Amino acid sequence: MEIRFYKAECGDAARIRFLGTDQKFHNIFIDSGHERTFRPILLEEILNLKKKAESIDLWILSNINDDHIGGVIKYLDLIKSGELEDVVNQWYYNVPRFFNITAQTPKNKISSASSINQGDKIYEYLRTNKKLLEKDITSELQTRNLFGLKLTVLTPSSAKLNKLRKKYPIDSPNELERQ
């Protein structure tokens with residue numbers, strides 16, 4: 001097993017690579033650092049995985065702060081531009097808002113809350129590409145066996161996650177409003 005922590009400035013980005021029970025190598029990414037650190041740090045890792053015919057079996061995003069998800073935003077931009085193909089099989093990502101099909105994104109923004117907007121972009125990509133899990137990643141989630149690796153993710157409870165979501169109402173005219 002190899003565990004690597006990347007120098008993503010003050011951001012967080014890590015990878016776990018292990019030989020699974022299927023005798024193939026598997027990869028788990030945890031967070032992604034800032035958007036500006038994606039190209040010099042994670043892009044090379046992803047391209048090396050592709051050369052080895054490997055993928056990212058699971059990408060875990062711990063929270064919506066820019067220093068954790070900015071790199072994923074850049075990754076998604078490169079997929080949309082055609083520069084990269086998506087090599088992630090599954091995502092662990094808790095959507096930071098209660099989304100409603102009829103809700104509109106406010107047009108007259110007083111200020112920009114970049115992390116929540118980035119979180120919305122990730123949600124939209126995962127939803128559109130049918131990669132969004134149908135349930136939240138919470139403390140109720142059982143230990144997972146991923147090709148022989150027992151994975152336990154420390155997470156908030158459903159109640160705490162929903163309390164957080166109430167802070168970011170999708171229909172608020174002020175993105176920085178907190179209830």
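**Strands and cores**

Analyst: Strand 2 and strand 3 form a hairpin with five residues between them, and Q23 in the turn has a positive phi of about 65 degrees. This is a predicted model, in which local features need pLDDT of at least 70, side-chain atom pairs count only at pLDDT 80 or more, and totals for chains, interfaces and linings use all residues. Residues are numbered from 1 along each chain as its sequence is written, and side-chain values use heavy atoms, with hydrogens and water left out.

User: What makes strand 2 and strand 3 a pair?

Analyst: Strands (E, at least two residues) and helices (H or I, at least four) are DSSP runs, numbered from the N terminus. Two strands pair if DSSP finds at least two bridges between them; strand 2 and strand 3 (residues 25–30) have six and run antiparallel. One of the partners in strand 3 is N27, bridged to R17.

User: How many bridges join strand 1 and strand 2?

Analyst: Four, in the antiparallel sense, with strand 1 at residues 2–5. R17 of strand 2 is the bridge partner of E2.

User: Why is strand 2 called largely enclosed?

Analyst: Buried means under 20% relative accessible area, exposed over 50%, partly exposed in between (1.4 Å probe, protein chains only). Five of the six residues in strand 2 (14–19) are buried, so the rest of the structure largely encloses this strand.

User: Which residues touch the most other members of the largest nonpolar core?

Analyst: A nonpolar core is a set of buried Ala, Val, Leu, Ile, Met, Phe, Trp, Tyr and Cys residues joined through side-chain atoms within 4.5 Å. In the largest, of 33 residues, they are W59, Y75 and I122. Helix 2 (66–81) is among the elements giving two or more residues, and its seven are the largest share.
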